[in-house]
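Me: I would like a close look at one part of this protein. Please keep it brisk and connected.

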Amino acid sequence: MSRTGPRRSESIRVAVLNAADDLLVEQGFAATTIEGIAARAGVAKQTIYRWWKSKVEILLDALADDALEGLAWAEPSGTAAEDLTAHLHRIAGFFQEPAGQVLQALLGHAQLDQGAAAALREGFLLRQRERDLAGLGAIIERHTGRTPDEENLARLTDLLLGPIYYRVLVFGEPADKDLLEATAHLTLKLAI
């Protein structure tokens with residue numbers, strides 16, 4: 001059972017999430033509506049309201065699904081610098097995709113809506129933070145032979161990811177190769 005109604009049809013769920021992604025990319029957050037999502041997905045508006053309370057909830061579900069693959073940490077396979085740089089390239093690429101645009105829109109909306117901010121932080125951002133801490137921790141452990149303490153790992157994660165988010169969210173530009181490589185190397189240097 002879902003939170004608000006009968007069992008969801010997976011094909012309808014996917015159609016709604018894809019419609020929400022597409023509409024957000026095409027017309028922006030403000031112009032994306034439940035009515036528009038329903039029309040694009042080919043479902044009744046009531047079906048959407050039975051499963052989600054708002055377009056923010058729909059977009060959060062879409063983002064969570066997309067991020068599982070798009071922001072996943074690969075198993076360490078190269079040098080620590082290669083693995084970190086590859087992951088940073090994956091994040092930079094994610095921001096250029098519709099899923100990354102959904103994340104940007106939700107982060108922007110969260111600045112104006114406390115409920116959306118709480119939902120974003122308590123849901124997606126906390127889960128992604130856990131994945132980021134685990135991924136970076138595995139690379140550092142492989143590189144140094146020791147497990148970093150939680151506080152240091154949290155700081156290194158901020159250092160690793162902060163420049164990409166800053167470049168994308170503040171300047172609206174993609175992170176370039178030199179920034180990604182420098183960030184990976186600096187993070188590893190501080191991890192030793």
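Which residue forms a salt bridge with Arg-13, and how far apart are the closest N and O atoms? Please take in the surroundings too.

Reply: A caution comes before the details: this is a predicted model.

Arg-13 forms a salt bridge with Glu-10. The closest N and O atoms of that pair are 3.1 Å apart. Why can these two pair up along the chain? Both sit in helix α1, which covers residues 10–27. They are three residues apart there, so about one helical turn separates them.

Arg-13 has another partner. Its side chain also meets that of Asp-65 in a salt bridge, at 2.6 Å from N to O. Domain 1 covers 10–52, and domain 2 covers 60–191. The structure as a whole holds nine salt bridges.

Now the rest of that boundary. The centres of domain 1 and domain 2, taken over C-alpha atoms, are separated by 27 Å. Seven residues from domain 1 and 10 residues from domain 2 take part in the contact. Together the domains bury about 810 Å² between them. Carbon and sulfur atoms give 64% of that area. On the domain 1 side, three residues stand out: Asp-21, Val-25 and Phe-29. They supply 55% of the area that domain 1 buries against domain 2, more than any other three residues.

Polar links across the boundary can be counted as well. Two residue pairs are in polar contact between the domains, both at pLDDT 80 or more. The side of domain 1 that touches domain 2 has five nonpolar residues, two charged and no polar ones.

The database record draws its own range here. In an unreviewed entry, UniProt lists residues 10–70 as "domain: HTH tetR-type". Over residues 10–70 the chain is 80% helix and 0% strand. The end C-alpha atoms of that stretch lie 20 Å apart.

The protein has nine helices and zero strands. Read along the sequence, the pattern is α-α-α-α-α-α-α-α-α. Its C-alpha atoms fill a box of roughly 55 × 35 × 30 Å along the principal axes.

Back to the starting point. Arg-13 forms a salt bridge with Glu-10, and its side chain also meets that of Asp-65 in a salt bridge.

How values were computed
Residues numbered from 1 in each chain as written. Predicted model: local features only at pLDDT ≥ 70, side-chain atom pairs only at ≥ 80, totals over all residues. Heavy atoms only, no water. Domains from an automatic or database assignment. Contact = heavy atoms within 4.5 Å. Buried area = accessible area lost by both parts, 1.4 Å probe. Salt bridge = Lys/Arg side-chain N within 4 Å of Asp/Glu carboxyl O. Polar contact = N/O pair within 3.5 Å; in protein donor to acceptor, adjacent residues only side chain to side chain. Nonpolar A, V, L, I, M, F, W, Y, C, P; charged D, E, K, R; others polar. UniProt positions renumbered as here; feature names shortened; annotations may be inferred. Helix = DSSP H or I, 4+ residues; strand = E, 2+ residues; numbered from the N terminus.
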